[in-house]
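Try each task before reading the solution under it.

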Amino acid sequence: MNRNKWIVIIILVAVFTIGIIFSAYLNTLLLSKIPWLLAVSAITGILLGILKVRFKSKTAVENGKISRHGIGAFIQHWLTALGIFLLIISGFIIGFLFFPHFVDTPKSVLFPLNMHFIGLNITLLGGFYFLTDYTLSGRLSMLMPNIKDISHGTIGKYLLKKKWNKEGKYLSSQKSAFLAYAILGGVQIITGSIKIMGHFFNIPSSTLAITTSIHDIFSLLFIIMLAIHILFVILSREHRILLKSWFTGKVSESYAKEKHKDWYDELSKQ
Ligand code: HEM
Ligand code: HEM
């Protein structure tokens, strides 16, 4: 693994730890004090995405290895994941659905609320960085599944154990996962934004109650989706190889030829 990725990992662990400690010691609600930080995080993500597209490097094939994850992609995936982990942990501490509630006084609830705010800023930064990069570079379509990716490449391949080898750079199952994440994340952003507006404007309590129920149900669905994403990596060799490639940045030419045939054919034509 190269030095830059080690530095990013150390920074991410530090951000995670500082985020939790910072939330624990504050006795003011960050959302009320500095709501504008949310816009700053999203705009910074967009600017980083624009810069990444501007200085984009070509996929290199060298000594039997193909470059797959540069430092930018590594930051996008793991920064967004880190932010979402903070959102989930803080959500559990606040308490939702049938899960036990850990906070009951206005003072004790400040800690998870601030953690949710910090997690949200990190998610917006990483998420907008990722989305801007993929949209402007035209790669978003590589991640969008079609019906066959879902029916044959995900359900057929993994549940019915049927053969499927029409795999591009992203496996059909990864594309299906991306669509599910996009839908669930989209609902969380809409419902979360209404909940945020409830802090500043007079929104009827019945509207806020319905919004909270949807936010909570979709939180559970998101957590199930994340568990499936992680289980795929643990249980499937194909996905384990991709986990390794997050850190080494490369996959072997023979792996790409066997498991991502369409991607390999495309690279060979370049
Ligand atoms: C995967 C993403 C997310 C998960 C798992 C999650 C989970 C939760 C949970 C479990 C709660 C506590 C129960 C409740 O009040 O509904 C909560 C509260 C909240 N969430 Fe999220 N959330 C996510 C994303 C977001 C986003 C994207 C926003 C904003 C755009 C947001 C804004 C809020 C707000 C404002 C609250 C209420 C805190 C308060 O009363 O001040 N959340 N979230
Ligand atoms: C909430 C957190 C997470 C989200 C939203 C997420 C989302 C995604 C998305 C959209 C992709 C496909 C696009 C891309 O390569 O960037 C992906 C790929 C991947 N993710 Fe995650 N992920 C999360 C957490 C994790 C975790 C915890 C693991 C490790 C166990 C993991 C392992 C992987 C692997 C191995 C790939 C395949 C990379 C490749 O195509 O080479 N992800 N993830």
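Buried residues (20 or more other C-beta atoms within 10 Å of their own; exposed means 12 or fewer, partly exposed in between, with C-beta atoms placed from the backbone) make up 26% of the 270 residues in the chain. A note before you start: this is a predicted model, in which local features need pLDDT of at least 70 and side-chain atom pairs count only at pLDDT 80 or more, while totals for chains, interfaces and linings use all residues. Residues are numbered from 1 along each chain as its sequence is written, and chains are lettered from A and ligands numbered from 1 in the order in which they are written.

**Exercise 1. The whole chain**

*Solution.* Finally, turn to contacts, meaning pairs of residues whose C-beta atoms, placed from the backbone, lie within 7 Å. Of those between residues at least 6 apart in sequence, 75% join residues at least 24 apart.

**Exercise 2. Two domains**

Find the domains and describe how they meet.

*Solution.* The domain assignment, which is automatic or from a database, gives domain 1 (1-138) and domain 2 (139-270). Their C-alpha centres lie 17 Å apart. Across the boundary, 23 residues of domain 1 are in contact with 21 residues of domain 2. On the domain 1 side, α2 (30-33), β2 (65-67), α4 and α5 (106-136) each supply at least two residues. That side has 9 nonpolar, 11 polar and 3 charged residues; here Ala, Val, Leu, Ile, Met, Phe, Trp, Tyr, Cys and Pro count as nonpolar, Asp, Glu, Lys and Arg as charged, and the others, Gly among them, as polar.

**Exercise 3. Two ligand shells**

*Solution.* A residue joins a shell if its C-beta atom, placed from the backbone, lies within 6 Å of the ligand. Start with ligand 1: of the 20 residues around it, Gly91, Phe96, Gly192, Lys195 and Ser219 come nearest. Two or more residues come from each of α4, α5, α8 and α9, and α8 gives the largest share, 6 residues. By class, the shell of ligand 1 has 10 nonpolar, 8 polar and 2 charged residues. Both domains contribute to this shell, so ligand 1 lies between them.

Of the 20 residues around ligand 2, Ala81, Ile84, Val233, Leu242 and Leu243 come nearest. The elements that each supply at least two residues are α4 (71-94), α8 (172-200), α9 (205-235) and α10 (237-248). This shell divides into 13 nonpolar, 6 polar and 1 charged. Domain 1 and domain 2 both give residues here as well, so ligand 2 lies between them.

**Exercise 4. Helix α9**

Compare the span of α9 with the expected value, then locate its buried residues.

*Solution.* The expected span is 1.5 Å times one less than the number of residues. With 31 residues, α9 reaches 45 Å from its first C-alpha to its last, close to the 45 Å expected. The buried residues of α9 are Phe218, Ser219 and Phe222, and they pack against α4 and α8.

**Exercise 5. Thr123 and Leu97**

Is Thr123 buried or exposed, and is Leu97 buried or exposed?

*Solution.* Thr123 is found in helix α5. Because 25 other C-beta atoms lie within 10 Å, Thr123 is buried. Leaving aside neighbours within four places in sequence, Thr123 is in contact with Thr80, Gly83, Ile84 and Leu87. Leu97, in the loop between α4 and α5, has 9 C-beta neighbours inside 10 Å and so counts as exposed. Check the backbone too: Leu97 has a positive phi of about 45° although it is not a glycine.

Methods. Helices (H or I, at least four residues) and strands (E, at least two) are DSSP runs, numbered from the N terminus.
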